[in-house]
Amino acid sequence: MRRPLQILLSPVLANYIKLVINTSTVVADPPDYVDRARELHPSIIALWHGQFFLLPGLYPRDIPARAIVARTDDAEALARVLRRFGLQLVRGAGAAGRRGDRGGAEAAHGLIASLREGYSVILTGDVPPGPARKCGPGIIMISSRSGRPIVPFAAATSRYRSVKSWSRMTINLPFSRLGIVMGDPIYVPREARPAEFEGYRRRVEAALNDVTAKAYALAGADMTRATPPIAKSPVAKSPS
């Protein structure tokens with residue numbers, strides 16, 4: 001029953017996203033972020049995994065874009081919601097240490113091709129099952145091979161609920177103050193070598209943390225409940 005339920009749920013979710021946006025007071029930094037998105041198009045819109053709830057409703061319909069969505073049945077509601085807002089899809093997900101082919105390589109090729117075809121692409125910097133708020137190398141590779149910039153993005157509301165998942169998935173609530181922040185574009189040179197990717201990866205990670213914190217500050221919200229716990233490093237055992 002999981003897939004049929006997700007199909008039925010998608011229009012409810014789409015209408016709820018519209019409700020949250022339409023009943024909220026928007027404060028954006030910069031105020032002309034939509035115009036900047038048009039100037040940078042096609043670009044790679046990046047955000048943290050648990051913070052994407054409102055993005056489908058905020059993304060300008062006049063800027064063609066494709067979003068990456070996993071191929072699993074669990075992602076069917078999200079896929080249908082994105083389509084309802086005029087976004088096209090690239091299906092697949094990175095393995096991130098999990099077994100089986102999840103279509104990550106095929107999706108990466110699809111995202112690069114989309115950028116070359118004149119579509120902006122939307123993807124999260126961190127990949128399930130985590131660690132959360134740790135940027136993976138995939139987005140850096142996609143930027144380098146496509147020649148298009150990574151644009152950090154975040155949206156937050158003063159009223160929200162967070163799910164105790166690995167990414168602290170945030171459910172935004174209506175009648176809020178809505179903070180929207182778009183960071184400066186980050187360009188990864190085409191000639192960058194894989195050994196140089198780590199520096200750009202850290203730069204994107206820091207930028208995503210920065211825009212997320214600013215969005216919550218603009219919304220006047222406490223970010224603590226939406227912040228995933230820091231993964232503890234394993235403690236080395238002393239020899240007995």
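Which residue lies over the face of Tyr160, and at what distance from the ring centre? It is Arg225, at 4.2 Å from the ring centre, where a charge counts as over a ring if NZ of Lys or CZ of Arg is within 6 Å of the ring centre and within 35 degrees of the ring normal.

Before I go on, this is a predicted model, in which local features need pLDDT of at least 70 and side-chain atom pairs count only at pLDDT 80 or more, while totals for chains, interfaces and linings use all residues. Residues are numbered from 1 along each chain as its sequence is written, and side-chain values use heavy atoms, with hydrogens and water left out.

Tyr160 also forms an edge-to-face aromatic pair with Tyr216, at 5.7 Å centre to centre and 80 degrees between the planes; rings of Phe, Tyr and Trp (its six-membered ring) pair if their centres lie within 6.5 Å, and planes under 30 degrees apart count as stacked, over 60 as edge-to-face and the rest as tilted. Because Tyr160 lies in strand β7 and Tyr216 in helix α7, the pair ties together parts that are 56 residues apart in sequence, helices (H or I, at least four residues) and strands (E, at least two) being DSSP runs numbered from the N terminus. Both tyrosines, Tyr160 and Tyr216, are buried, meaning under 20% relative accessible area, as against exposed at over 50% and partly exposed in between (1.4 Å probe, protein chains only).

Turning to helix α2, its buried residues are Tyr33, Arg36, Ala37 and Leu40. They sit on the same side of α2, because they cover an arc of only 105 degrees around the axis, taken from the directions from the helix axis to the C-beta atoms.
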